[in-house]
Amino acid sequence: MLAVEGLVKRFGGFRAVNNVSFRVEQGEILGLIGPNGSGKSTIFNMLSGTLPPTEGSILFDGREIAGLAPHRIIVGGIGRTFQIPRPFHRLSIFENVVLAGFYGQGRRSRSKAEEAAERALAMVGLPTDRRASVEGLGAAGLKKLELAKALATGPKLLLADESLGGLDETEMDQAADMLRRIRDELGITIIWVEHIMGVLMRVVDRVMVLDHGEKIAEGLPADVAGDARVIEVYLGTDADASLAAAVAEQARRRIGV
Amino acid sequence: MQSFLNIFDIYLLEAVINGILLGGVLALLALGLNLIFGVIDVTWICYAELVMIGMYGMYYLVQVFHLPYWAAAPLVILLVALLGAALHFLVIAPLLTAPPINQLLATGGVLFILQSFATVAFGIDFRNLGIRLPVLALGEMNFSYARLLSFGAALVGMVGVYLFLTRTFTGTAIRAIAQDRQIMPLMGVDPKRIYLVTSAIGGGLAGLAACLLVLQYDVHPFVGLSFGPITFLICVLGGLGNFIGGFIAAFVFAEIISLGGLFSDLEWGYVLAFAFFIVMMFIRPAGLLARRS
């Protein structure tokens, strides 16, 4: 359903994303991993229209969307969550989600928007009460709200950006299960960007690894976790090297490599 | 002595009530400017000049084309709303990512263009509608119907905007975009459309203010100077972009002007109001309702 060809993003002389191509099939969960600054978020920004690509093509359901304005891409069927939740604090939870439901589905009608909002809130497990305030939500609740907003826009493809940062182990597992349920029950295809490899490897069908803006590996989680270049990238990075090693180890254990 | 006190109290009460009536119209003006600033993050320096164009619109429709007041008013509101949208489309939209000083200078340029245009097109004569509304005598106090009507219409206008902002999706999107402008497109909202609608509402509020002010004041090309600066001070005192702060500040200013005018000339009321503003800028530089950090 998504075919990305030769995607390039240059900032001045710096190539943040260098000639990346990949495909995503209907109903798939694709994991997108890589160290900080490897170009994951830049790819997401180009897919959702926030940044225009320097070169390359993005075919979504056979239609070229590279360089379209973000609101057109969202209405066209791609939803996006953010690494750092950005709710509207002065609106209620319901208002946040119903707004996404109304505009994300092309301003159809109030009842359709409210229906979409209620379904999205029920899916992520947030109160559908009209007046519930954003203020009481913790880190996990804010991530759920972020997800509900994206779901309410009625996406066929969901771009989930590092959904689990700032959550504890149980919350992480719950959130990962929720992404799987969104795929299983709603039939929504998902691309999931994540730092924390262990949980991601457990849920995704395929995984793609980026380093310095280039694709260095792609395939089944088990194969990728054993790939020498991937291990080197995750070990050879910054001060978190030991942590990364532990994470990679944990990932291998969980998927039984 | 006793009779002196009685008269004094009556005058005081009259001044307080007149201050409230004046505050309604000032709050309406401040709301329009605050809406534009809060949502688009641009200050329309030429806001009062839109009001001036609206007042001329009323003059021509009523005096030249002989339309009744109630028929001319909606046309003028529509006209100035379109003018606001055009201002955004032609001047603000191309400068949306420009430094704020460029935006200020550009709308400042529009101010002089509108003043000069009015001077050339309408001349420098003072014009009015030729409508003299009666005066309401309440005991020994006198209130002009023009002020009462203005106050009532300003309140209706503000309630209308409040309902629009809270009850419709477009209104909710306008409030939301004021909080985070980058996230809105990712909810499927076209920010350009929201900005255009907001500018039209800001213009419409200027149009409504024009319909009300023209009942009390003569129109001339520089009439914007009599309420433009005070509108800016109100918005800054209330905290730019803060609707409730602007509402409260409008009544604070109106009372200072009205009560200050009671003890001396009306001009001294303005002097007091501006002096109060300067003092407040030292005490609460971020506005009346700013949270203490």
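Helix H7 of chain B is largely enclosed by the rest of the structure, because 18 of its 23 residues are buried. The model described here is predicted. H7(B) runs over residues 191–213, and at 1.5 Å a residue a helix of this length should span 33 Å.

H7(B) packs against helix H5 of chain B, which comprises residues 145–167. Two packed helices are described by the angle between their axes and the distance between the axes. For H5(B) and H7(B) the angle is about 170° and the axes are 10 Å apart. Angles over 145 degrees count as roughly antiparallel, and the two helices are therefore roughly antiparallel to each other. On the H5(B) side, the contact is formed by B:Ser150, B:Ala153, B:Ala154, B:Gly157 and B:Val161. These residues meet B:Ile201, B:Leu205, B:Leu208 and B:Leu212 of H7(B). By class, the contact between H5(B) and H7(B) holds seven nonpolar and two polar residues, with no charged residue.

In soluble globular proteins, nonpolar side chains tend to be buried together. The largest nonpolar core in the model has 171 residues. The residues with the most contacts inside this core are B:Leu26, B:Met55, B:Ala209, B:Ala210 and B:Phe253. Helix H1 of chain B (residues 2–40) gives the most to the core, with 15 residues. When residues up to four places away in sequence are not counted, B:Met55 touches B:Ala210, B:Leu213, B:Val214, B:Val219 and B:Val223.

The contact between the chains takes 20 residues from chain A and 14 residues from chain B. On the side of chain A that touches chain B, helix H2 (70–75) and helix H3 (93–104) each supply at least two residues. H3(A) provides the largest share of this side, six residues. The residues on this side of chain A divide into 10 nonpolar, five polar and five charged.

Chain A contains 10 helices and 10 strands. Of its 257 residues, 47% are buried. Among the contacts in chain A with a separation of 6 or more, 66% join residues 24 or more positions apart.

Individual positions in chain A were also examined. A:Glu169 lies in helix H6 of chain A, which covers residues 169–186. The C-alpha atoms of A:Glu169 and A:Leu51 are separated by 33 Å, and the two residues are 118 residues apart along the chain.

A:Asn19 has a phi near 55°, a positive value in a residue other than glycine. This residue is found in strand E2 (residues 14–24) of chain A. A:Asn19 counts as partly exposed because 14 C-beta neighbours lie inside 10 Å. For A:Asp61, phi is near 55°, again a positive value in a residue other than glycine. A:Asp61 is placed in the loop between strand E4 (55–60) and strand E5 (63–64) of chain A. With 14 other C-beta atoms within 10 Å, A:Asp61 is partly exposed.

Notes:
Residues numbered from 1 in each chain as written. Chains lettered and ligands numbered in written order. Predicted model: local features only at pLDDT ≥ 70, side-chain atom pairs only at ≥ 80, totals over all residues. Contact = placed C-beta atoms within 7 Å. Helix = DSSP H or I, 4+ residues; strand = E, 2+ residues; numbered from the N terminus. Nonpolar A, V, L, I, M, F, W, Y, C, P; charged D, E, K, R; others polar. Expected span 1.5 Å × (residues − 1). Buried ≥ 20, exposed ≤ 12 C-beta atoms within 10 Å, placed from the backbone. Core = buried A, V, L, I, M, F, W, Y, C linked by C-beta atoms within 7 Å. Axes fitted to C-alpha atoms, helices over the stretch in contact; angles between N-to-C directions. Parallel < 35°, antiparallel > 145°, perpendicular 65-115°, else oblique.
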